[in-house]
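Please read it beside the sequence and the structure.

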Amino acid sequence: MIQRYNHRFSQLLLLALLLSTAGGCYTVTRVEREKYTVTQRDTTVRESAQNVPGERENGTVYPSSRQVEITRTYVQRDSTVERFYPAFLRYGGIEAASFIGTGGSTQGAGLGLFGLYDLLTVKRPTDTKTFTAQMYRFMPYEWRLRWFDDAPNWTFGVSAVEIFTNSRDSSAEAAPGERLVGIASPYFRKRFFLRDQPPYVMVVPFVGFGLLPSQYINLGATFDVGSFGGFNLRAYAGYISGTSAMLKEDSDPRNADYSVTFPYFGVGVSALDFVNKTDELFIEWKDHKHNAIEVNAVNFDMVYSTNTDAGSWFNPGTGSASNVYPTGFVMKIASANYPLPFADGNVFVGTSLFNAMVISKDEIALGWLPLRAGYRMNLMKNDLTLEPYAEAMYYPKTTIHLAARLSVKLPEWTMPLLNFPIPMRINAIAGFVDGSANSDVVTGFEDLIAPQDFSTTYVGFGIGIGDGLFTMDQVRKWW
């Protein structure tokens, strides 16, 4: 028993070390320093003429009264100029995909389109599933690989974590033989650009290897469209084979088969996932153009519902009579807004990877990839902005959201290790929500979520982390 726990502890310690090592290698900026000596030479010539006082006789030669003073200065100083360039060909946040018909049956833990749409719904083993396998990848990073006499578009990369699951039976819970997990798994890729202007269109064949805790090989290719404000769409085709023996539990009766082998075909999406071409590595950051007028990692607002009968989400057992600020929160994960070709680009459309609108205990709506449109008013350039906008969340339930956000720019925060500045903003927000309570979300929330539709208004305050707003001078026109 002690030996087994020591073995588990050693595995966890090794994985933690690998994660910390992978995180330390994720360099966002390459710095070039030019050191040279500045020499300043200066010569000053001063001439003056002094006339001799008194009378002068014609024809008499007098000595010249002109004086010339020459002053020379010589100054040397050392100088250093720093230039900042991108250090990556790909720097990603979250990537998810779903695969069609890869399992032994069409039942099981199918998680819908992109591996996301049914991620929060109750898993029903008897339901027929279209997507029976999924892939999730977190923090992918790719460097330039200088193979074949510095041939362009070769990359070497890793991900902090990647997970492949494949439902082979009707069980809602994945067995050890239905998943592969890789920590800092190495990948080699070659990009073939079909369109070399954003949004890029490219075919990317690859080969990857899983080392720990699963051991596998992954061969295939993707058809990529992106990166556009950090969003990418991908089609996948490949073959993966490996083992998850290190993930098996002695108490699990399904340990007899923990190998995983299957071909896969499907579609995926990634957010906060930025791609550079090779020649863009030699363009300074200050000269790079953005593809969106706003890119936001996380926006979190604490809100108060004006519906006094709703009750607080933070204190569900106290009843509606104790409603005080806040009654809930509004959270957006991985958002991007894109300018339209009129009104000086201030009219925008956009989306988020995920929206959670928990206005109160009885007023909750969740949605993947909502649709958004609005107008940005720059009151003090980008330091103070007002944005009225409308959102439509269509899955898992239909929700309409009308709001206005007033935001103020904060000083940038520099992330440790990465030495990367994170833009931040504080928000004041007010809005109206008409939607569903999402009664079919994951079991365990029944005490917090009432199965009813709702309409309410709200006000609140919050913060945007990694919230970068750009002017049209900084944005590359895509139309």
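Where is the place of Pro199? Pro199 sits in the loop between β9 (192–195) and β10 (200–210), where helices (H or I, at least four residues) and strands (E, at least two) are DSSP runs numbered from the N terminus. This is a predicted model, in which local features need pLDDT of at least 70 and side-chain atom pairs count only at pLDDT 80 or more, while totals for chains, interfaces and linings use all residues. Residues are numbered from 1 along each chain as its sequence is written, and side-chain values use heavy atoms, with hydrogens and water left out.

**Backbone features**

The bond that joins Pro198 and Pro199 is a cis peptide bond with omega of about -5°. Most residues other than glycine have a negative phi, and most peptide bonds are trans. Against that background, Ala184 has a positive phi, near 50°, and its place is in the loop between β7 (179–183) and β8 (187–190). Asp344 likewise has a positive phi, near 60°, in the loop between β16 (328–339) and β17. With buried meaning under 20% relative accessible area, exposed over 50% and partly exposed in between (1.4 Å probe, protein chains only), Ala184 counts as buried at 18%, whereas Asp344 counts as exposed at 68%.

**The chain overall**

The chain has one helix and 24 strands, and buried residues make up 45% of its 479 residues. Taking a contact as heavy atoms within 4.5 Å, residues 24 or more positions apart account for 67% of the contacts with a separation of 6 or more. The chain exposes about 24200 Å², of which carbon and sulfur atoms supply 61%; accessible areas come from the Shrake-Rupley method with a 1.4 Å probe, and for residues only the protein chains shown count as cover.

Gly266, in strand β13 (residues 259–271), counts as buried at 11% relative accessibility. The C-alpha atoms of Gly266 and Ala97 are separated by 6.9 Å, although these residues are 169 residues apart along the chain. Leaving aside residues up to four places away in sequence, Gly266 touches Ser98, Phe99, Arg234, Ala235 and Tyr236. Asn427, in strand β23 (residues 420–435), is buried with a relative accessible area of 4%. Asn427 and Ser407 lie 20 residues apart in sequence and 4.4 Å apart from C-alpha to C-alpha. Beyond four places in sequence, the residues that Asn427 touches include Asn299, Asp301, Arg405 and Gly462.

**The second largest pocket**

About 340 Å³ of space lies in the second largest pocket. Of the 16 residues that line this pocket, Phe228, Phe231, Leu233, Tyr338 and Thr351 are the closest to its centre. On a 1 Å grid over the protein atoms alone, a pocket is an open set of points where a 1.4 Å probe fits, with protein on both sides within 12 Å along at least five of seven lines, and lining residues have an atom within 4 Å of a point. Grid points are joined across faces, edges and corners, and the volume is the space filled by probe spheres set on the points. Strands β11 (215–228), β12 (231–243) and β17 (347–360) each supply at least two lining residues. The lining divides into twelve nonpolar, four polar and no charged residues, where Ala, Val, Leu, Ile, Met, Phe, Trp, Tyr, Cys and Pro count as nonpolar, Asp, Glu, Lys and Arg as charged, and the others, Gly among them, as polar.

**Salt bridges**

A salt bridge here is a side-chain nitrogen of Lys or Arg within 4 Å of a carboxyl oxygen of Asp or Glu, and by this rule the count comes to 25. Three of these pairs are tabulated.

| Pair | Closest N and O atoms |
|---|---|
| Arg30 and Glu32 | 2.4 Å |
| Lys361 and Asp362 | 3.0 Å |
| Asp224 and Arg234 | 3.2 Å |

The pair of Asp224 in strand β11 and Arg234 in strand β12 links distant parts of the chain, ten residues apart, and both Asp224 and Arg234 are buried. Arg30 is partly exposed at 25% relative accessible area, as is Glu32 at 33%. Lys361 is buried at 18%, and Asp362 is buried at 13%. Salt bridges that share partners join Arg90, Glu95, Arg137, Glu142, Glu162, Arg189, Arg191, Asp224, Arg234 and Asp273 into one network.
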